[in-house]
Amino acid sequence: MSIRLSLCLLLLVASACGDDDATLPDDDAGPTERVDAGPRDGGPPQCTFPSECSDGEFCNGPERCDPADPNADENGCLPAAEPACPDLFTCDEESASCRSPCDVSGDEDGDGFNSEACGGFDCDDGDPDVHPGAPERCNGMDDDCDGEIDEDCE
Ligand SMILES: [Ca+2]
Ligand SMILES: [Ca+2]
Ligand SMILES: [Ca+2]
Ligand SMILES: [Ca+2]
């Protein structure tokens with residue numbers, strides 16, 4: 001009996017003794033007051049990882065987290081330094097991927113043959129009259145892309 005009583009007294013000091021009041025102390029913590037703490041001094045919600053700064057868009061590049069940067073916003077975030085895709089690449093927001101020029105169009109001159117740079121056989125992808133099988137003309141160029149210039153030309 002005496003042990004139980006002292007236990008209960010101990011509990012009384014720490015919180016409330018009794019099942020009915022068990023939930024009351026949590027309500028007194030006042031969690032809303034902490035959120036309203038002033039910026040900078042009270043520990044505002046500043047970013048820790050760049051992922052916290054993401055605006056959800058892929059093509060405009062990865063946002064950065066650098067609270068020490070004077071240009072950073074109130075969350076310590078900065079816009080991306082570079083777009084997601086390098087020059088000449090096309091960005092596809094839907095699949096969040098970069099596509100090389102060859103993926104977009106490996107046949108720039110539309111003669112039906114992809115450029116050699118894109119793994120095709122068009123030795124001049126800027127001239128639709130030059131491609132494998134084209135008639136070899138006497139023009140100082142390799143029209144049929146066989147590596148020889150003006151062979152058997154007419
Ligand atoms: Ca072509
Ligand atoms: Ca061509
Ligand atoms: Ca030729
Ligand atoms: Ca030729």
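The model is predicted: local features need pLDDT of at least 70, side-chain atom pairs count only at pLDDT 80 or more, and totals for chains, interfaces and linings use all residues. Residues are numbered from 1 along each chain as its sequence is written, chains are lettered from A and ligands numbered from 1 in the order in which they are written, and side-chain values use heavy atoms, with hydrogens and water left out.

Let me begin with the calcium ion (ligand 1). Its donors are Asp-107 (OD), Asp-109 (OD), Asp-111 (OD), Phe-113 (O), Asp-122 (OD) and Asp-125 (OD), at 2.1 to 2.5 Å. A donor here is an N, O or S atom within 2.8 Å of the metal, or 3.2 Å for Na, K and Ca; water is not among the atoms, so sites may look incomplete. Along the chain, the donors of this ion follow the spacing D-x1-D-x1-D-x1-F-x8-D-x2-D.

Why is the arrangement around the calcium ion (ligand 1) octahedral? The 6 donor atoms subtend angles of 79 to 167°, which makes it so. The term octahedral applies to six donors if opposite donors are over 155 degrees apart and all others between 65 and 115.

Next comes the calcium ion (ligand 2), which lies 4.0 Å from the calcium ion (ligand 1), with Asp-109 bridging the two. The protein donors of the calcium ion (ligand 2) are Asp-109 (OD), Asp-111 (OD), Asp-122 (OD), Asp-122 (OD), Asp-124 (O), Asp-127 (O) and Val-130 (O), lying 2.3 to 2.6 Å from it. Their residues are spaced D-x1-D-x10-D-x1-D-x2-D-x2-V in sequence.

Are these aspartates buried or exposed? Asp-122 is buried, with a relative accessible area of 2%, and Asp-127 is buried as well. Buried means under 20% relative accessible area, exposed over 50%, and partly exposed in between, using a 1.4 Å probe and protein chains only.

I turn now to the calcium ion (ligand 3). It is coordinated at 2.2 to 2.6 Å by Glu-136 (OE), Asp-142 (OD), Asp-144 (OD), Asp-146 (OD), Glu-148 (O), Glu-151 (OE) and Glu-151 (OE). Glu-136 also coordinates the calcium ion (ligand 4), and the two ions are 5.8 Å apart. Glu-136 counts as buried at 10% relative accessibility, whereas Glu-148 counts as partly exposed at 46%.

The last topic is the disulfides. How many disulfides does a search of the whole structure find? The search finds 7, a disulfide being a pair of cysteine sulfur atoms within 2.5 Å.

One of them joins Cys-53 and Cys-77, with the sulfur atoms 2.0 Å apart. This link is left-handed, with -75° about the S-S bond. It connects distant parts of the chain, 24 residues apart: Cys-53 is in the loop between helix H3 (31-35) and strand E1 (64-65), and Cys-77 is in strand E2 (residues 77-78). Helices (H or I, at least four residues) and strands (E, at least two) are DSSP runs, numbered from the N terminus. Both Cys-53 and Cys-77 are buried.

Another disulfide joins Cys-59 to Cys-91, S to S 1.9 Å. The torsion about its S-S bond is about -90°, so the link is left-handed. Cys-91 is partly exposed, at 26%.

A further disulfide, between Cys-102 and Cys-118, has an S to S distance of 1.7 Å. Its torsion of -80° makes it left-handed. Cys-102 is partly exposed at 29%, and Cys-118 is partly exposed at 24%.

Notes: Four donors count as tetrahedral if all angles lie between 85 and 135 degrees; four count as square planar and six as octahedral if opposite donors are over 155 degrees apart and all others between 65 and 115; anything else is irregular.
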